[in-house]
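Here is a briefing on one protein chain. Please keep the sequence and the 3D view open while reading.

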Amino acid sequence: MSKKILVTGANGFIGKNLVWNLKNAGYEDIYLYTHTSTDEELEAYTKDCDFVFHLAGVNRPKEVTEFFDGNTQLTQKIVSFLEKNKNFAPVLLSSSTQAGLNNDYGASKRGAEEAVFVYGKENDVPVYVYRLPNVFGKWCRPNYNSVVATFCNNIAAGLPIQVNDANTELHLVYIDDVVDQFIRCMEKGIKFPAGEFVTFPLTRIYEKKLGDIAELIRSFKESRKNLSVADMNDEFTSKLYSTYLSYIPEDEFSYPLEMHVDSRGSFTEFLRTNGQGQVSVNVAHPGITKGQHWHNSKNEKYLVVKGKGLIQMRKLGTDKVIEYHVTGEKFEVIDIPTGYTHNIINEGDEDLVTVMWANEPFNPEKPDTYMLPVVPE
């Protein structure tokens, strides 16, 4: 796309996510302003950019004066360069809900907001000021200013976390939702009264207690041991899990599974879900028959991914044997109905590998599995 875009704070958490997704959307002319860029570069970028994403800012300075240098004054510099170059490009400012607080950081963010509002009013230019709550997602710096990033990083690495008040309520937005709205704002504009803040749809702001967030992240770590899958139907849980995965140490991406091995082959549980069943991998050596049982309510799906096999089923109380020849060269799912005794036979010269799904995780106290040959002896 031909639009030229200036992104300040391009190496920061929000900036990095925005830049990569601008590229995904087909934008190629992106001016990247970072903490190492010069005023000369910034002035050059403002000469012909078509839109400004102003994301740069300071929130953890060594000196209080850095708040105003990195927030208010930098913003004033950007709009003055745009006016000097007579390039009245729209500006989107990433501010903070703390701009409403009576502290140095809040005052410096309010100063930045005012500079953008004045620029928009005096030059009749669309401007957008987002007072963001806590933003979470991949690439956020831990042990800095995001408790979610810190919890994800420390729990993933086996480090302690500190929860001072488990009932503290956070207002959170997810980085992908932020970036999507930013890009949509640039492409389509958002009609908003001049001098007012842009807000997120309430459906995209999550109100969560600090203790609940910590426990949920701990459950993600434990899921490698108990093979559980988080509730991906819940938007916040799904987004938090995606965030957590980005903090796993690079030498710990893999984790072992417990293989139940015997002379016939092996059986390994892969995933256990709450309400969506269990996935396992079954390996049978050549000539081996597995199964020979039936279920009252438990039902299964078989998918052979390697080798050649024969699946046999017989409805209880009948003599008819139903047969399906399966092979890893042609993926085909076989449903195993309730009330049918069934087996799977390796008919090939190599191991038969079958992915098996059951509608419920195995419960040793109520296995619902009864041995019975498919072909009566």
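The points below cover helices, a sheet, backbone angles, salt bridges and a surface patch.

This is a predicted model, in which local features need pLDDT of at least 70, side-chain atom pairs count only at pLDDT 80 or more, and totals for chains, interfaces and linings use all residues. Residues are numbered from 1 along each chain as its sequence is written, and side-chain values use heavy atoms, with hydrogens and water left out. Helices (H or I, at least four residues) and strands (E, at least two) are DSSP runs, numbered from the N terminus. Buried means under 20% relative accessible area, exposed over 50%, and partly exposed in between (1.4 Å probe, protein chains only).

- Helix α2 spans residues 39-48, and its buried residues are L42, E43, Y45 and T46.
- These residues cover an arc of only 160° around the axis, which puts them on the same side of α2. The arc is that of the directions from the helix axis to the C-beta atoms.
- Exposed residues E40 and K47 sit on the face of α2 turned away from its buried side.
- L82 belongs to helix α3 (residues 65-84). L82 is buried, at 0% relative accessible area.
- L82 and T46 are 36 residues apart in sequence, yet 5.5 Å apart in space, C-alpha to C-alpha.
- Neighbours within four places in sequence aside, the contacts of L82 include T46, C49, V52 and Y119. Contact means heavy atoms within 4.5 Å.

**Strands and sheet**

- Five strands form an open sheet in the order β16-β15-β18-β13-β20, with antiparallel pairing. Two strands pair if DSSP finds at least two bridges between them.
- β16 (321-327) and β20 (370-371) stand at the edges with a single partner strand each, so one side of each has no neighbour in the sheet.
- Strand β15 (residues 308-315) runs antiparallel to β16, and 7 bridges join them. Q312 stands opposite E323 in β16.
- T354 lies in strand β19. T354 is buried, with a relative accessible area of 0%.
- Not counting residues up to four places away in sequence, T354 touches S280, V281, N282, Y302, L303, V304 and I344.

**Backbone angles**

- Most residues other than glycine have a negative phi.
- W139 is not a glycine, but has a positive phi of about 75°. W139 is in the loop between β6 (134-136) and α5 (147-156), and is partly exposed at 40% relative accessibility.
- D368, also not a glycine, has a positive phi of about 50°. D368 is in the loop between β19 (352-358) and β20, and is buried at 10%.

**Salt bridges**

- The count comes to 14 salt bridges. A salt bridge is a side-chain nitrogen of Lys or Arg within 4 Å of a carboxyl oxygen of Asp or Glu.
- D48 pairs with K4, with the closest N and O atoms 3.0 Å apart. This pair links helix α2 to the segment before β1 (5-8), 44 residues apart.
- E113 pairs with R131, with the closest N and O atoms 2.9 Å apart. E113 is in helix α4 (residues 104-123) and R131 in strand β5 (residues 127-132). E113 is buried at 3%, whereas R131 is partly exposed at 24%.
- A network of salt bridges links D177, R204, E235 and K239.

**Surface patch**

- Y255, L257 and F270 form a nonpolar patch on the surface, with about 240 Å² of accessible area together. Areas come from the Shrake-Rupley method with a 1.4 Å probe; for residues, only the protein chains shown count as cover.
- Patches are made of residues with over 30% relative accessible area and no salt bridge; like charges are joined within 9 Å, and nonpolar side chains (Val, Leu, Ile, Met, Phe, Trp, Tyr) within 5 Å.
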